[in-house]
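Thanks for coming, everyone. I'll keep this short and just walk you through one structure on the screen.

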Amino acid sequence: MYAIVDIETTGGHASANGITEVAICLHDGKKVTQRYTTLVNPKMDIPVYIRALTGISNEMVQDAPPFEDVAADIYHLLHGKIFVAHNVNFDFSFIRHHLSAAGYDLQSNKLCTVRLGRKILPGLPSYSLGKLCHYLGIDNESRHRAAGDAEATATLFSLLLQSDTANHIADALKQRSKEQVLPPNLPKEDVTNLPYTPGVYYFHNEKGKVIYVGKARNIKKRVCSHFSGNNSGYQRQEFLRNIHHISFQDCGTELIAFVLEAIEIKRLWPQYNRSLKRFEHAYGLFAFEDQRGYLRLAVDKRRKMTAPLYTCNSLLDGRNLLTRLIDEFELCPKLCFIQTNHGPCNGINGPICACEGIENPEHYNQKVQWAIDKLKDTLPTFAVRDEGRSLDEHSCILVEKGQFYGMGYISHYFEADNLEQLKSHLTPYPGNDYIRNMVSNYAMRYPERMVVFS
């Protein structure tokens, strides 16, 4: 038996919205054998745009039973049946969430008439319920009302059963089939074709735009994890509805996947990615020349269009670094903004320091330049050589003078001992401190994979 369900709600996700109407048509595989419909009091205001869409007002549901009063009837109608709906994960998430709140645990196989329509009736310009009914001549005089939409879906489902010569419905119900958990607009072939390798995957919307970028040690396993469970939150429900296509890049190693994900999120700015969009180290060490001609060092917050000599996570880290440079190269703590009071200079040269104008700019600036050169010399140049996408290649990531340069793939036989030759085989990418630190930490964990350039 099939239970064909349609609901009307106060919003798009179950965890913060109520149900205003439920309709269920029980179907024996040939015809509808029983119908159930009821208005439901959602115990919250129905937004004006929902009232305009469905015609269900606050006054109409004022005397209707709350969901917990009809939960037993709904559960017994659905229990043991195959749950069928147009965009089934939406309806199922609401019904299951509110049944759970009433003390009932609904476990059902599911069928989505959007997905079935794409397989059994391919080539139609749209698979929304209204457009399908128009193309197929199915009458629905109560559009956006649960009873009308459930009846139309039941008629559509009968037609799909009759037209399913390739047994798509039976295949979707097989125990090992993942069909019923996939987003309604995502072709199963996109998931079937995913590899079990490290890489980066992209979710695309109806227009082909990338809306999410993810990285994985196992692409197929990670992508499928997005579709498991019954999270009823708004973000996940909207996210799943907007996935129409998946593409991917095989990366060879998890490190390459991590780096590429960070690059692609910055490049594409996908709608549903949250992390990595704004991650930057907050502080940097800067150099500038003042009006008197003295070259000065300062720790300050990172800002757009600025190029620090060195980046750091906190103001304290930056001040500690600058203090070491002051001691080693006899710099003025006042000119470096370490000493901010109006008392005598606490530097090694004391009263004859540059802040008093005694030490001339040329001499002082030379010491600052030595400090800058020393800082740059301590920034390493190295490559991480690791597994590739196939047995005859290696992946390679290059950090040059402490900055991420780029990455790519080189032959298994390529000798990566010449920096300029290696750079000609790699693709430069914009870097940031997150990528640099990630690669550096990996290199420290696996020093045998490092190629260090002097």
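So, strand β10, residues 295-301, is mostly covered, with five of its seven residues buried; buried means under 20% relative accessible area, using a 1.4 Å probe on protein chains only. Strands here are DSSP runs of E, at least two residues, and helices are runs of H or I, at least four, numbered from the N terminus. One caution: this is a predicted model, where local features need pLDDT of at least 70 and side-chain atom pairs count only at pLDDT 80 or more, while totals for chains, interfaces and linings use all residues. Residues are numbered from 1 along each chain as its sequence is written, and side-chain values use heavy atoms, leaving out hydrogens and water.

Who does β10 pair with? That's β9, residues 283-289, antiparallel over seven bridges; pairing takes at least two DSSP bridges. Phe 288, for instance, has Arg 296 in β10 as its bridge partner. The two strands make a hairpin with five residues between them, and Gly 293 in that turn has a positive phi of about 95 degrees.

Zooming out, the protein chain has 16 helices and 16 strands. Its radius of gyration is 32 Å, well over the 22 Å that the globule rule gives for 454 residues, so the chain is more spread out than a compact globule. That radius is over C-alpha atoms, and the rule is 2.2 Å times the number of residues to the power 0.38. Along its principal axes, the C-alpha trace spans about 100 × 60 × 35 Å. Even so, buried residues make up 50% of the 454.
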